[in-house]
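Below is a briefing on one protein chain and its ligand. Please look over the sequence and the model before reading on.

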Amino acid sequence: MSSNETLQAVRGMNDILPDEAGLWLWFEEVVRDWLHSYGYRNIRMPLVEPTDLFKRAIGEVTDIVEKEMYSFADALNGDQLTLRPEGTASCVRAVLQHNLLYNAPQRLYYSGQMFRHERPQKGRYRQFHQFGVEALGFAGPDIDAEQILMCARLWKKLGLRDVTLQLNTLGDAASRHRHRAKLIAHFEQRMELLDADSTRRLHSNPLRILDSKNPAMQDLIAAAPRLMDELEEDALRHFDEVQAMLKRHDVPFEINPHLVRGLDYYNRTVFEWVTTRLGAQGTICAGGRYDGLVEQIGGKPAPATGFAMGVERLLALLQDDGMALPKPEVDVYVVHQGELASQFASRMAEQLRDSNLRVLLHCGGGSFKSQMKKADASGACVALVIGDDEAQANEISVKPMQGGEQERVSVQNLTATVVRLLKL
Ligand code: ATP
Ligand code: MG
């Protein structure tokens, strides 16, 4: 590349520009309030973890570990590292490392970038964002149902339309073992229909074949033996109770016996919230129970359940719904001209900020007229107009931007006047 060519971001990794970032900030605030209303607490993990963590947690024979991870050797000491492709493994690692589960179940959430080397397309990026929610140390079906109910409340709060819930259970180890043998036998009869990935996984991880999105294999997948028919009594009861609780709260769902999720750590309840409005990238939120993971990562066995939502997909859906940008980002624009006026203007801006107002102080000079144009474009509701004349009198001209009379007020009355005008 020649040195004066404009540098570009990495393919599949997006800049979020200020016009769009307003929607992100609003969304993040709504989501945080909602999480706190269910008693979840924030946890923040590194973006980089030892590669082994994801291999152990997600499973060696999964799309993520086989082909989607950004892994590299630390150039200084050769450690094998990976940019996190998801948050659950890191979250559980952090909880164990810091002993958070000692006698105390935990409701935790995190948010931020995830990295997967996928083919970029609408709703599928190489850097994307998730909110992840994990409840550790809870065994009963009540928490599974609560997490699903929580989601339903968020969709309602956001005004999302056309989102449906798909539900399944993956049972426990023994039933999966029996099912696995039947699955292998089923697919072995029709080897010629399996694609390369599925042929390779037939003996290492046949359940993953059910997760394939290859249209040519969907009939074969639909005819596969159902794990549901192998369930132990405990797992069945757990699943029945989750369903009963959802019904009591009027949360409709559809049982999808082929929903297996793309990661190995799940057992019992799994779910996905899907929409038909984002093309093939229709899953906006997905999760389930993962009782074996804590032990797999080296902790004392502890039950757990969680889910993650894709922020880009949720925002795409909101925009598709015609979601308008929330309120303008400044309240007041301060226009000033002259040496004395500039010093006075800067003090008045600070005074308004003392009352938590959002104030843009004009920088860079120019005529009153050109400054007023900038004030207009800023979206501010109020402009302060300050010349040396005002500065000498210790007064400020206050102009409502939506029309109405300009008033001249004293320093003492400035904040009250501006607040009154902002409320109009
Ligand atoms: P998919 O089947 O669409 O690949 P997944 O099962 O791999 O999704 P999860 O690991 O369950 O996804 O991640 C939870 C959520 O994160 C998904 O439901 C989706 O909303 C979002 N997500 C996953 N991968 C991407 C991506 N590459 N780009 C944007 N969002 C993503
Ligand atoms: Mg995926």
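This is a predicted model: local features need pLDDT of at least 70, side-chain atom pairs count only at pLDDT 80 or more; totals for chains, interfaces and linings use all residues.

Residues are numbered from 1 along each chain as its sequence is written, chains are lettered from A and ligands numbered from 1 in the order in which they are written, and side-chain values use heavy atoms, with hydrogens and water left out.

**Ligand 1: shell**

- The shell around ligand 1 holds 17 residues, a residue being near if one of its heavy atoms lies within 4 Å.
- Arg116, Glu118, Arg124, Arg261 and Thr283 come nearest to the ligand.
- By type, the shell has seven nonpolar, four polar and six charged residues; Ala, Val, Leu, Ile, Met, Phe, Trp, Tyr, Cys and Pro count as nonpolar, Asp, Glu, Lys and Arg as charged, and the others, Gly among them, as polar.
- At least two shell residues come from each of β6 (127-136), β10 (283-289) and β11 (304-310), where strands are DSSP runs (E, at least two residues) and helices are runs of H or I of at least four, numbered from the N terminus.
- With four residues, β10 gives the most to this shell.

- A polar side-chain atom of Arg261 lies 2.4 Å from an oxygen atom of ligand 1, within the 3.5 Å limit for a pair of N or O atoms in a polar contact.
- For Arg124, a polar side-chain atom is 2.8 Å from a ligand oxygen atom.
- In the side chain of Arg313, an N or O atom is 3.1 Å from an oxygen atom of the ligand.
- Taken alone, ligand 1 exposes 590 Å², and the protein buries 92% of that (Shrake-Rupley method, 1.4 Å probe).

**Domains**

- An automatic or database assignment gives domain 1 (18-172 + 231-320) and domain 2 (332-423).
- Their C-alpha centres lie 48 Å apart.

**Helix α11**

- Seven of the 10 residues of α11 (residues 311-320) are buried, meaning under 20% relative accessible area with a 1.4 Å probe and protein chains only.
- The buried residues are Val311, Glu312, Arg313, Leu314, Leu315, Leu317 and Leu318.
- Gly322, which follows α11, has a positive phi near 80°.

**Asp172**

- Asp172 sits in the loop between β7 (163-169) and α6 (173-188).
- Asp172 counts as buried because its relative accessibility is 19%.
- Leaving aside residues up to four places away in sequence, Asp172 touches Ala235, Asn267 and Arg268 (heavy atoms within 4.5 Å).

Technical notes. A polar contact is a pair of N or O atoms within 3.5 Å; within protein, one must be able to donate a hydrogen and the other to accept it, and residues adjacent in sequence count only if both atoms are side-chain atoms. Buried means under 20% relative accessible area, exposed over 50%, partly exposed in between (1.4 Å probe, protein chains only).
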